[in-house]
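Reader: I am new to this structure. Please pick one part and take me through it closely, along with what surrounds it.

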Amino acid sequence: MPNRRHVLGALAGASLLPSHAFADVVYQRSEIHEDLAKHFADAGTAGTFVGYKIDDYLVIASDRDRSGEAKLPASTYKIPNSLIALETGVVGDPDKDIFKWDGVVRDIEAWNKDHTLRSAIAASAVPVYQEIARRIGQERMQKYVDLFEYGNRDIGGGIDHFWLTGNLRIDPVQQVDFVDRLRRGTLPVSKRSQDLVRDILPVTTVGDSIIRAKSGLLGAEIGKPSLGWMVGWAEKGSANTVFALNLDVRESHHIADRMKISQQCLTDIGAI
């Protein structure tokens with residue numbers, strides 16, 4: 001099985017990737033497309049984009065440095081959190097199990113109601129996923145974060161805050177690695193759990209392409225967003241491209257720019 005560490009080694013002058021393989025067939029190629037960075041500059045911010053074109057075994061990044069910088073995952077952690085919830089039985093059915101609203105009125109209106117797992121991931125409802133994390137518990141959460149080889153694997157800082165304000169860090173390359181394993185169904189959890197999480201991921205249609213992706217917004221729960229994520233994959237016919245983007249949220253429009261710039265970059269590399 002090929003080793004993935006070489007895939008983006010040229011991007012940052014160091015090994016960035018985990019020790020297991022993106023694919024089991026051939027070694028990947030990697031390229032820097034600095035022209036992609038213009039989309040962040042045009043929006044008045046800074047950020048990075050990493051895309052893995054599956055059929056071409058090609059990793060494309062917008063830069064050599066930020067693509068390997070680890071940051072808090074924010075609500076992109078709802079992807080592994082959902083997998084762990086389903087695998088441990090904390091959630092049995094993503095459409096039937098109800099998480100009751102705690103009655104606390106929050107600034108984000110979509111959080112102020114009951115949710116299923118499906119509606120909670122669509123609304124990116126932080127309070128629901130905090131409750132899920134508490135039910136999973138520290139020991140089981142650590143077990144699966146280790147099994148997933150997710151980021152730096154450090155869930156210190158509180159069982160319901162470690163991905164928001166705690167110690168967990170993950171870089172865009174690692175995000176692509178994790179999401180690709182979910183896409184392929186090769187994570188060390190049941191097929192059912194992976195099938196269900198793939199199914200509940202928010203979907204955006206762009207022409208004849210589909211993007212399945214989860215956003216993240218650091219500081220959203222306190223009304224002070226500072227970093228935005230978008231991670232997932234694009235499907236164009238039978239072709240798939242896994243991607244991760246993050247950007248600095250300097251203005252309110254940068255929140256919407258997460259998907260806008262993702263689509264621009266995906267278009268530029270022929271993924272949609």
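Author: Start with a cover. Helix H3, helix H4 (117-123), helix H7 (172-184), strand S5 (209-218) and strand S6 (227-236) are among the elements that cover the buried residues of H8. Helices (H or I, at least four residues) and strands (E, at least two) are DSSP runs, numbered from the N terminus. Buried means under 20% relative accessible area, exposed means over 50%, and partly exposed lies in between (1.4 Å probe, protein chains only). The buried residues of H8 are Ser-193, Gln-194, Leu-196, Val-197, Arg-198 and Ile-200.

A word on the model. It is predicted: local features need pLDDT of at least 70, side-chain atom pairs count only at pLDDT 80 or more, and totals for chains, interfaces and linings use all residues. Residues are numbered from 1 along each chain as its sequence is written, and side-chain values use heavy atoms, with hydrogens and water left out.

Now take H3 as the part to follow. Of the 11 residues of H3, 9 are buried, so the helix is largely enclosed by the rest of the structure. The buried ones are Lys-78, Ile-79, Pro-80, Asn-81, Ser-82, Leu-83, Ile-84, Ala-85 and Leu-86. Just after H3 comes Gly-89, with a positive phi of about 85 degrees.

Which helices does H3 pack against? H8 is one partner. H3 (residues 78-88) and H8 (residues 191-200) meet at an angle of about 140 degrees, and their axes are 9 Å apart. That angle makes H3 oblique to H8. Axes are lines fitted to C-alpha atoms, for helices over the stretch in contact, and angles run from 0 to 180 degrees between N-to-C directions. Under 35 degrees counts as roughly parallel, over 145 as roughly antiparallel, 65 to 115 as roughly perpendicular, and the rest as oblique. H3 passes H8 in a right-handed crossing. A crossing is left-handed if the near helix is turned anticlockwise from the far one by less than a right angle, and right-handed if clockwise.

H3 brings Ile-79, Ser-82, Leu-83, Leu-86 and Glu-87 to this contact. H8 brings Arg-192, Ser-193, Gln-194, Leu-196, Val-197 and Ile-200. Contact means heavy atoms within 4.5 Å. By class, the contact of H3 with H8 has 6 nonpolar, 3 polar and 2 charged residues. Ala, Val, Leu, Ile, Met, Phe, Trp, Tyr, Cys and Pro count as nonpolar, Asp, Glu, Lys and Arg as charged, and the others, Gly among them, as polar.

H6 is another partner. H3 and H6 (residues 138-148) pack at about 120 degrees, with axes 11 Å apart. That makes H3 oblique to H6. Their crossing is right-handed. From H3 come Pro-80, Asn-81, Leu-83, Ile-84, Glu-87 and Thr-88; from H6 come Arg-140, Met-141, Tyr-144 and Phe-148. These residues divide into 6 nonpolar, 2 polar and 2 charged.

Then there is H5. The axes of H3 and H5 (residues 126-136) come within 10 Å and cross at roughly 45 degrees. H3 is therefore oblique to H5. This crossing is left-handed. Lys-78, Asn-81, Ser-82, Ile-84, Ala-85 and Thr-88 in H3 meet Val-126, Tyr-129, Ile-132, Ala-133 and Ile-136 in H5. The contact of H3 with H5 has 7 nonpolar, 3 polar and 1 charged residues.

Next, the aromatic rings. The whole structure holds 8 aromatic pairs. Tyr-77 and Trp-163 have ring centres 5.6 Å apart and planes at 25 degrees, so they are stacked. Rings of Phe, Tyr and Trp (its six-membered ring) pair if their centres lie within 6.5 Å; planes under 30 degrees apart count as stacked, over 60 as edge-to-face and the rest as tilted. Tyr-77 sits in the loop between strand S3 (58-61) and H3, and Trp-163 in the loop between H6 and H7, so the pair ties together parts that are 86 residues apart in sequence. Tyr-77 and Trp-163 are both buried. Phe-162 and Trp-163 have centres 5.0 Å apart and planes at 80 degrees, so that pair is edge-to-face. Phe-162 is buried too. Ring pairs link Tyr-77, Tyr-144, Phe-148, Tyr-150, Phe-162, Trp-163 and Phe-178 into a cluster.

The loop between H6 and H7 also holds Glu-149. Glu-149 has a positive phi of about 50 degrees, though it is not a glycine. It is partly exposed, at 25% relative accessible area. Arg-153 lies in the loop between H6 and H7 as well. Its phi is positive, about 65 degrees, and it is not a glycine.
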